[in-house]
Amino acid sequence: MERVAINDFTNKDLQAAFAETEANHVDWLSHYEDKIVDRILNPKEEEGFTLPWANAAGLRFRPGELVLLCGRAGDGKTTLALQILLHFAATQDVKVGIQSFEMPVEETGELLSTLADPYKEKSEAWARDFVKWSRERICIYNRSGQQDPIHIIGCCAVMARDYEAKVILIDSMMMAKVSDDMEKERKFSAELVKVAHRFNVCIILVHHVREKNAGDKTTRPTRDDIRGSGAIVDVSSTTLIYYQDRKRKLIKAKVEKGQADYADHEYLADHPDGIISVDKQRYGKFEAPIGLYQSDRRVFTASENEKVLPLELNNG
């Protein structure tokens, strides 16, 4: 397929596409009888893509929605998001798109391959097999650093329209040149929702939380700690906050040195490495915290010392 340049998808094109969906959509409710009956019989909370962990069975990512994934810098949001996308592509026949502005494309590919098989000794043959497997499954926008909002929005449209991506990751909001202006942030958020609706694609937007106290990374963040005006939370269909338990990380280091006491072992038994808080899920009732463990191979699991099955690379 011929690569489509983002510059070919101008602001004017976007406005025309959106206007197309906004005109002539008023009708009697009865006109939508079949759709309404289908929704009543098939609730939306049961639709969507399932996540990799058994304890997250009640959480779904759905086409047409904006999912906000928040957390502190360095807590593992990017790894978490990439593992989710890889799971969609490998197990649910979903084409995915990645806009990773914080890592070059080769580092993104390396991390994806590690998540695909954390225990495999890497070789050129494995690397090439993984890249071949990703063809027609994973598309990526090869840019890093801060980006103009219109390019990010246009890239989402291109990935959905020309590469048939059904889930698109934007990493992160901080790279969109809107963080210093509340009105720009509001408009950017609204445009992402329009793209999600227009192309029936799920957009995952990685975002940061504020530090309550300088250097304090032990307090679990809440919705009030999400950076910005709050407009992004309002328009998102799902808002998730990932928290890495830094105290547990320190205790694990004490265990390795033989310095842990009984209270330390009690803490390890009662607390996971991190928690996804489901702050909001508009079309689902599931709001339980999702405890996760992260191995030294970076992959997240639902239980400690859980063996991760490697990705089956079928290039046929």
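I will go through the sheet, the helices packed on it, the cores, and a few backbone details of this predicted model.

Some ground rules come before that. Numbering starts from 1 along each chain as its sequence is written, and side-chain values use heavy atoms, with hydrogens and water left out. Because the model is predicted, local features need pLDDT of at least 70 and side-chain atom pairs count only at pLDDT 80 or more, while totals for chains, interfaces and linings use all residues.

The overall picture, then. The chain has 10 helices and 11 strands; these are DSSP runs numbered from the N terminus, H or I over at least four residues for helices and E over at least two for strands. Of its 316 residues, 44% count as buried. Buried means under 20% relative accessible area, exposed means over 50%, and partly exposed lies in between, with a 1.4 Å probe and protein chains only. Taking contacts between residues at least 6 apart in sequence, 72% join residues at least 24 apart, where contact means heavy atoms within 4.5 Å.

Now the sheet. It is open, with 9 strands in the order β5-β4-β6-β7-β3-β8-β9-β10-β11, and the pairing is mixed. Two strands pair here if DSSP finds at least two bridges between them. At the edges are β5 (138-140) and β11 (300-301), each pairing on one side only.

How does β8 run relative to β3, residues 66-71? The two are parallel and joined by 5 bridges, with G71 partnering Y242. Towards β9, residues 274-281, there are 7 bridges and the sense is antiparallel. Along that pairing, L240 is opposite V278 and Y243 is opposite I275.

Continuing along the order, β9 and β10 are antiparallel over 3 bridges, and I275 has G291 in β10 as its bridge partner. Strand β10, residues 290-294, has 4 of its 5 residues buried, so it is largely enclosed by the rest of the structure. Its pairing with β11 is antiparallel over 2 bridges, including Q294 with F300. β10 and β11 make a hairpin with 5 residues between them, and R298 in the turn has a positive phi of about 85°.

Next, two helices. Helix α6 (residues 149-162) and helix α7 (residues 182-199) have axes 10 Å apart at an angle of about 10°. Axes are lines fitted to C-alpha atoms, for helices over the stretch in contact, and angles run from 0 to 180 degrees between N-to-C directions. The pair is therefore roughly parallel, the cut-off for that being under 35 degrees. On the α6 side the contact involves P149, I152, I153, C156, A157, A160 and R161, which meet F188, E191, L192, V195 and F199 of α7. By class, the contact residues are 10 nonpolar, no polar and 2 charged; Ala, Val, Leu, Ile, Met, Phe, Trp, Tyr, Cys and Pro count as nonpolar, Asp, Glu, Lys and Arg as charged, and the others, Gly among them, as polar. As for the sheet, α7 lies across β3, β6 and β7, running at about 155° to β7.

On to the cores, meaning sets of buried Ala, Val, Leu, Ile, Met, Phe, Trp, Tyr and Cys residues joined through side-chain atoms within 4.5 Å. Which residues touch the most other members of the largest one? They are W53, F61, L86, F88, V167 and I204, out of 43 residues. Helix α3, residues 77-91, gives the most to this core, with 8 residues. A separate core of 33 residues includes I170, L192, I226 and I232.

Last, the backbone. Most residues other than glycine have a negative phi, and most peptide bonds are trans. The bond from D171 to S172 is cis, with omega near 15°, and S172 sits in the loop between β6 and α7. D93, in the loop between α3 and β4, has a positive phi of about 55° and is exposed at 75% relative accessibility. N305, in the segment after β11, has a positive phi of about 65° and is exposed at 76%.

How values were computed
Parallel < 35°, antiparallel > 145°, perpendicular 65-115°, else oblique.
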